[in-house]
Amino acid sequence: MKRRRREKENMGPAAAALRRRSVFRDARASTTQLTAAQLIADAQEMQRGAGPVNDSTKVVINSPEELALYRQKTRAELEERVKRGYSFLGNWVKYARWEAQQKDFERMRSVLERAVIFHGTSPVLWREYAELEEEYGFVNHARAVWDRGVTALPSATDLWLKYLVLEQAAGQEGRVRDVFNRWLSGPAPPNCAWELFALFEAQCQRADACRNVARRYVETHGEVETWLFYGSTELNVLGNVERAVKVYETAMKSLPESYINGEKDCRIPLAWADALTAAKKYEDARHVYHRMLRECTSISALDNIFAAYSHFERLYGDNENCGAVAVAVANAMYQQRIARNPYDFDAYVSQYLILRDAIQHNKDDESSKENSYEEALRCLTSAVHTRVDGAKDPIAMQRRAVIVMEYARFIEERDITAARAALASCIREFPFKTAWCPRLWVEAAALERRHGAYSEARRLLGAALNLSACPEVFNAALQLEEEACATGELSREDRVQRSRTIFQTAIKKFPQDFTLWDGYAKMEEKEEQFHRSDALRAACIHSLSAAARAASSMADRYALLEKVDQAWARRLALRRRMVRAAQKLRSLGTRNAEETKAETTALQKLYRELLDSVWEDYKYEAVEWKRKITTTGGILSSPPERMPDLMAPAVARWGEAVGAVTNFALVPTQRTGEYESSSVDWMRTVFREMLERERPDLLRQLGGVDDNASYEAVQQAKIWGEFLVSPIVTEWRRFEATYATPEELEAVKEFMKPAKRRTRLFAGRKF
């Protein structure tokens with residue numbers, strides 16, 4: 001529709017933009033430019049000016065008319081807010097605070113009284129209401145509000161406490177007591193109300209009133225906490241020690257037995273002993289401690305009582321007999337525990353340890369030492385003769401086995417027959433199908449070994465390998481064979497054959513235990529069977545590497561690879577020792593150059609095997625990572641700019657392997673900083689051969705030679721192959737930059753780059 005001329009004139013400056021002819025617009029940049037910080041600052045200033053009720057806004061008013069308009073507008077906005085959001089208490093509080101700022105307190109009270117209708121059950125409203133009255137000096141109004149609040153919400157502890165603070169700040173002690181009495185007469189007052197009332201009376205120097213409140217507190221509740229508060233108030237606040245002792249005596253008579261003998265609580269008798277100690281009645285306090293130790297039925301409470309009594313004896317007991325008294329009391333305590341529960345093996349062990357220490361400290365006094373020995377023997381004998389059903393309680397059977405082993409060691413010198421019988425009986429009764437205790441077999445075999453019965457010890461360990469096979473049992477069997485050989489009971493050849501059988505059985509049972517592999521290899525090396533030792537370490541590397549690939553987590557994988565690296569280090573160290581021995585024999589004229597060269601060649605071959613092994617571990621992780629990337633991002637996903645953190649451990653391990661081989665393989669010359677060219681060329685050959693072998697192998701694994709793949713997929717596989725083979729190139733460049741001459745560096749630079757070949761898209765077609 002066409003606009004009229006008059007309408008265009010009324011449009012004002014916009015009329016020019018509506019003309020049909022083209023309008024010139026100046027697109028040049030302005031001379032004054034606004035920064036982003038200026039735009040943000042202007043927006044924040046506009047936002048602050050948009051909220052008239054914001055406390056941070058400063059409103060400049062120049063006349064009473066402007067003030068009236070401002071109040072009218074703001075009040076209308078706040079009124080609209082409370083009407084729309086009446087369920088939100090913050091709107092009412094903000095409205096009331098604004099009215100208070102305007103010194104219109106009647107309106108403030110009117111707003112809050114309206115809020116009481118909707119939020120009368122909220123302690124926050126009453127607190128805000130009363131605090132506003134207090135803030136502007138209306139104490140009586142605030143008192144009335146607190147009174148209404150605690151009447152409406154008698155269980156709101158916060159309101160009662162604020163009410164008490166107001167009255168105490170006003171110096172109205174009588175009103176404070178009235179508020180306390182009113183609070184305590186209400187339904188279910190909290191414990192803090194009684195305690196605060198008592199402490200308030202103590203603060204006002206009214207000891208009788210304080211005791212009266214504490215007595216009412218105890219009569220109302222009658223719990224352990226109430227008696228402890230009453231006694232601690234008498235002792236620490238009022239300073240009357242005698243009354244505190246009487247309070248705790250009354251508590252001991254009033255409370256049930258379970259709160260005195262430690263079954264549920266033991267704080268009252270301990271507090272009674274502390275009060276007697278404060279009254280300097282040390283014998284009475286000691287009597288209380290002895291009574292607790294005799295009557296206590298809780299293990300945890302016994303420990304607390306014993307600790308408190310030990311502290312008491314150190315401070316107030318006789319210094320000469322303090323240790324003896326503590327030991328006697330502890331012994332009696334554990335005897336009580338054993339009498340109440342014959343299956344409490346922890347008590348048996350604790351009592352035996354106390355008696356054993358007494359035996360060690362009484363070396364000069366033979367009679368005391370013998371008495372302690374007999375008592376310790378009775379303790380262990382009682383524990384050993386305690387029958388336990390291992391099928392129902394295997395854990396108790398394990399504890400009994402520990403005591404049986406200690407019993408056998410304790411009486412071994414005096415009665416070897418009893419020691420053997422105790423261990424044999426425990427082995428027969430132990431539930432090896434449901435519990436684990438290989439130490440029992442080892443202890444029985446060690447007893448026989450100490451007395452020269454090697455065949456019996458060997459029989460016991462053989463049975464242990466069938467029931468409780470573990471590395472500890474295998475180590476004990478190996479130690480037995482060595483000791484038998486050292487004593488002449490077994491020849492060296494028989495010892496070696498027996499040890500080999502034990503090692504082979506152990507490795508079949510625990511193929512991932514590096515200590516077994518290492519011990520077997522060390523034994524062969526000690527027997528000068530170097531080729532067997534090298535073969536064992538090679539098998540260890542193969543087994544642990546396979547286990548590392550099957551590991552479910554990176555932590556388990558690299559824990560196994562760390563053991564693999566240790567095996568490689570020991571294998572290389574053995575081979576280097578063999579090379580040095582061959583060179584030494586050659587210098588002495590007992591070995592020809594060919595044999596020495598063969599040893600050196602074998603060492604270089606081992607270096608290559610190390611690099612190949614570490615690279616295979618890296619390649620496995622790299623290919624698995626690439627498959628995950630393909631699963632999430634597709635087959636055409638591009639590699640990242642650098643190696644991710646996930647591959648950092650594998651790349652670092654490869655770099656460490658290359659560095660180690662480089663340090664050992666390069667042979668220095670007599671000139672400082674130079675190496676033999678043959679060793680440098682050997683390292684360069686290793687890098688070249690690895691790069692020639694791994695490039696096509698990675699390309700094949702990534703699908704770069706698949707005839708059914710698309711052109712884009714093949715090209716992307718090539719890019720991924722170069723990315724994954726980059727650690728070899730990186731280490732080669734680092735090697736050449738360190739050891740090569742400029743001419744050699746230029747010669748190998750082109751080889752590091754992949755060969756560029758044109759891809760024939762229509763190789764099989766004829767035109």
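The second largest pocket of this predicted model holds about 380 Å³ of space. A pocket here is an open set of points, on a 1 Å grid over the protein atoms alone, with protein on both sides within 12 Å along at least five of seven lines, where a 1.4 Å probe fits; lining residues have an atom within 4 Å of a point. Points are joined across faces, edges and corners, and the volume is the space filled by probe spheres set on them.

Fifteen residues line this pocket, with T600, L603, F664, A665 and V667 nearest its centre. By class, the lining comprises 7 nonpolar, 5 polar and 3 charged residues. Helices α28 (554–588), α29 (593–633), α30 (648–665) and α31 (677–701) each contribute at least two lining residues; helices are DSSP runs of H or I, at least four residues, numbered from the N terminus.

The largest nonpolar core has 120 residues, and L440 and L724 make the most contacts inside it. To this core α29 gives the most, 11 residues. Such a core is a set of buried Ala, Val, Leu, Ile, Met, Phe, Trp, Tyr and Cys residues joined through side-chain atoms within 4.5 Å, buried being under 20% relative accessible area with a 1.4 Å probe, protein chains only. A second, separate core of 48 residues includes V93, A96, A100 and M108.

Overall, the chain has 34 helices and 0 strands, and 41% of its 767 residues count as buried.

As to conventions, residues are numbered from 1 along each chain as its sequence is written, and side-chain values use heavy atoms, without hydrogens and water. Local features need pLDDT of at least 70 and side-chain atom pairs pLDDT 80 or more, whereas totals for chains, interfaces and linings use all residues.

Note on methods. Nonpolar A, V, L, I, M, F, W, Y, C, P; charged D, E, K, R; others polar. Buried < 20%, exposed > 50% of the residue type's maximum accessible area, 1.4 Å probe, protein only.
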